[in-house]
Amino acid sequence: MKFTELKNDIKQGARSIYLLEGDDAYFRIKGEEMLKSAFVQMPELNFSVMDGETLKGSALTNLTSALESFPFMAEKRIVKVTEFHPTDGEYETYLEKLFKNFPSTSILLIVNAESRKGADLKRKQAVTYVDCNRADEENVAKWAYLTFKRAGINASAEVCSAIAKYCLCNMARVAVETEKLIDYKKEGTLTREEAEALVYKDADYRIYEMTNAVSRGDYDKFLIIQSELCQKNGDETTLLSGLFSYFKNLLFCVSSKQSEAEIAKLLKTKEFAVKKNREQARALGEVRLKKFVSCTYGALSQIKGGFLTPQAALQKVNCEIFFG
């Protein structure tokens with residue numbers, strides 16, 4: 001199920017095993033908080049945490065023993081395991097019997113930031129999989145809209161979508177920025193100008209804006225964003241490295257014959273991001289992107305070789321991008 005479905009699912013009662021897996025830390029943390037709040041009494045006695053990296057081979061008996069222990073003066077106890085990736089052999093030897101006959105007084109909460117090789121836990125008996133991967137722009141914007149509404153603030157769909165974009169749909173960041181805007185606004189209508197001025201834009205989003213300025217030939221906008229990034233994120237070398245990485249990913253997206261889902265898996269990003277990258281890459285063109293990759297790589301090499309200062313290298317790249 002999606003993370004957004006977890007709240008309603010909890011109302012139906014406790015499941016035996018929950019697997020909260022995905023790259024959005026906000027969803028993983030909030031999912032854990034919701035489960036603890038719903039099913040744990042006296043967490044200091046009925047909630048324990050184990051490190052999945054230490055549960056290898058016969059050490060898995062420590063987990064089975066913890067789950068078979070009775071809660072203290074309560075209906076349920078939760079055993080949380082972080083980054084838990086048993087092999088197929090370990091699952092069959094130590095866990096399969098437990099999963100098939102799971103103790104009714106315990107809940108196993110598995111919290112993984114990513115999936116790895118080994119037993120496919122999400123497909124195992126009694127496991128309830130909760131997708132905690134980064135949400136798409138539409139769902140993040142919807143969350144922001146409802147959060148503002150509950151706080152007595154009116155924010156249009158356009159404003160909420162802008163906030164999602166500025167934060168690259170990272171819910172941890174969206175939550176912080178939304179709370180900041182609520183504290184600032186108190187009530188009334190939140191405008192696009194206020195969101196633009198107050199929300200801190202992710203560096204990757206600012207680079208996305210820079211490349212959009214390139215496709216439009218907007219040199220002034222390009223330099224304004226560039227100046228802001230240099231001030232906030234360090235120096236010219238860091239900016240050039242970010243540009244090089246971004247141009248390289250755009251080139252890969254536009255030249256690859258693979259599907260958006262396959263590219264997203266390779267780049268460890270979302271399909272939505274790959275779709276946007278392909279749109280931007282087509283606007284720039286494959287020939288221009290090859291030139292941009294080459295000139296930014298060359299500039300970084302000259303900095304490392306001591307032939308150019310970072311400032312001179314950035315100026316050279318700017319000239320090559322806009323004036324050939």
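Biologist: Which residues form a nonpolar patch on the surface, and with about how much accessible area together?

Modeller: In this predicted model, local features need pLDDT of at least 70 and side-chain atom pairs count only at pLDDT 80 or more, while totals for chains, interfaces and linings use all residues. Residues are numbered from 1 along each chain as its sequence is written, and side-chain values use heavy atoms, without hydrogens and water. A patch joins nonpolar side chains within 5 Å, from residues with over 30% relative accessible area and no salt bridge (Lys or Arg side-chain nitrogen within 4 Å of an Asp or Glu carboxyl oxygen), areas being computed by the Shrake-Rupley method with a 1.4 Å probe. Met42, Leu45, Phe72 and Met73 form such a patch, with together about 410 Å².

Biologist: What is the relative accessible area of Met42?

Modeller: Met42 is placed in the loop between α2 and α3 (43-46), helices being DSSP runs of H or I with at least four residues and strands runs of E with at least two. Partly exposed lies between buried, under 20%, and exposed, over 50%. Met42 is partly exposed because its value is 31%.

Biologist: How many bridges join β1 to β4?

Modeller: Strand β1 (residues 17-21) runs parallel to β4 (residues 106-112). Ile17 stands opposite Leu108 in β4. The number of bridges joining β1 to β4 is 5.

Conventions:
Two strands pair if DSSP finds at least two bridges between them. Patches are made of residues with over 30% relative accessible area and no salt bridge: like charges are joined within 9 Å, nonpolar side chains (Val, Leu, Ile, Met, Phe, Trp, Tyr) within 5 Å. Buried means under 20% relative accessible area, exposed over 50%, partly exposed in between (1.4 Å probe, protein chains only).
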